[in-house]
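This report examines a protein structure with its sequence beside it. Please look over both before reading the sections that follow.

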Amino acid sequence: MMDALLNGLGFIKLQTTDQTRKAKQFISETIDKYRKQGSSPPRLNFFMGKTIMKKFGNLLKALEENKIELQSGIYKKKIMESK
């Protein structure tokens, strides 16, 4: 889906890497860490609000259910030749 969007905007895919497994691991470890501490980090609360742990839980659930995936990639803008 993202490929089609970027291609439509004039980009060519050079490389993509599926980062979903790493994202699941990171979010799961983050949830466990802050549950053990009894609170979430103040900086994240500032940016994401007091419902941050619920948001992390929803994100992890969506990743585990394959509703979303996380990819990193390199794209190059097509350069139009002038006439």
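## Thr20 and its contacts

Leaving aside neighbours within four places in sequence, Thr20 is in contact with Leu63, Ile68, Glu69 and Leu70, where contact means heavy atoms within 4.5 Å. Thr20 lies in helix H2; helices (H or I, at least four residues) and strands (E, at least two) are DSSP runs, numbered from the N terminus. The side chain of Thr20 also makes a polar contact with the side chain of Asp18, at 2.6 Å. A polar contact is a pair of N or O atoms within 3.5 Å; within protein, one must be able to donate a hydrogen and the other to accept it, and residues adjacent in sequence count only if both atoms are side-chain atoms.

Thr20 counts as buried because its relative accessible area is 8%. Buried means under 20% relative accessible area, exposed over 50%, and partly exposed in between (1.4 Å probe, protein chains only).

## Basis of the values

The model is predicted: local features need pLDDT of at least 70, side-chain atom pairs count only at pLDDT 80 or more, and totals for chains, interfaces and linings use all residues. Residues are numbered from 1 along each chain as its sequence is written, and side-chain values use heavy atoms, with hydrogens and water left out.

## Helix H2 and its buried side

Helix H2 has 18 residues and reaches 26 Å from its first C-alpha to its last, close to the 26 Å expected at 1.5 Å a residue. The expected span is 1.5 Å times one less than the number of residues. Which residues of H2 are buried? They are Thr20, Ala23, Ile27, Thr30, Ile31 and Tyr34. These residues lie on the same side of H2 because they cover an arc of only 100° around the axis, the arc being that of the directions from the helix axis to the C-beta atoms.

The cover over the buried residues of H2 includes strand E1 (11–18) and helix H4 (52–64). On the face turned away from the buried side, H2 carries the exposed residues Arg21 and Lys36. After H2 comes Gly38, whose phi is positive, near 85°.

Ile27 is found in helix H2, which spans residues 20–37. With a relative accessible area of 5%, Ile27 is buried. Not counting residues up to four places away in sequence, Ile27 touches Phe56, Leu59 and Leu60. The C-alpha atoms of Ile27 and Pro42 are separated by 17 Å, with the two residues 15 apart along the chain.

Thr30, also in helix H2, counts as buried because its relative accessibility is 9%. A polar atom of the side chain of Thr30 lies 2.8 Å from the backbone oxygen of Phe26. Thr30 and Met53 are 23 residues apart along the chain, and their C-alpha atoms are separated by 9.3 Å.

## Asn66 in a loop

Where is Asn66 found? Asn66 is in the loop between H4 and E2. Although Asn66 is not a glycine, its phi is positive, at about 55°. Asn66 counts as exposed because its relative accessibility is 62%.

## The largest pocket

The largest pocket has a volume of about 260 Å³. Among the residues that line this pocket are Met1, Leu5, Thr16, Glu69 and Tyr75. Helix H1 (2–8) and strand E2 (71–77) each supply at least two residues of the lining.

On a 1 Å grid over the protein atoms alone, a pocket is an open set of points where a 1.4 Å probe fits, with protein on both sides within 12 Å along at least five of seven lines; lining residues have an atom within 4 Å of a point. Grid points are joined across faces, edges and corners, and a volume is the space filled by probe spheres set on the points.
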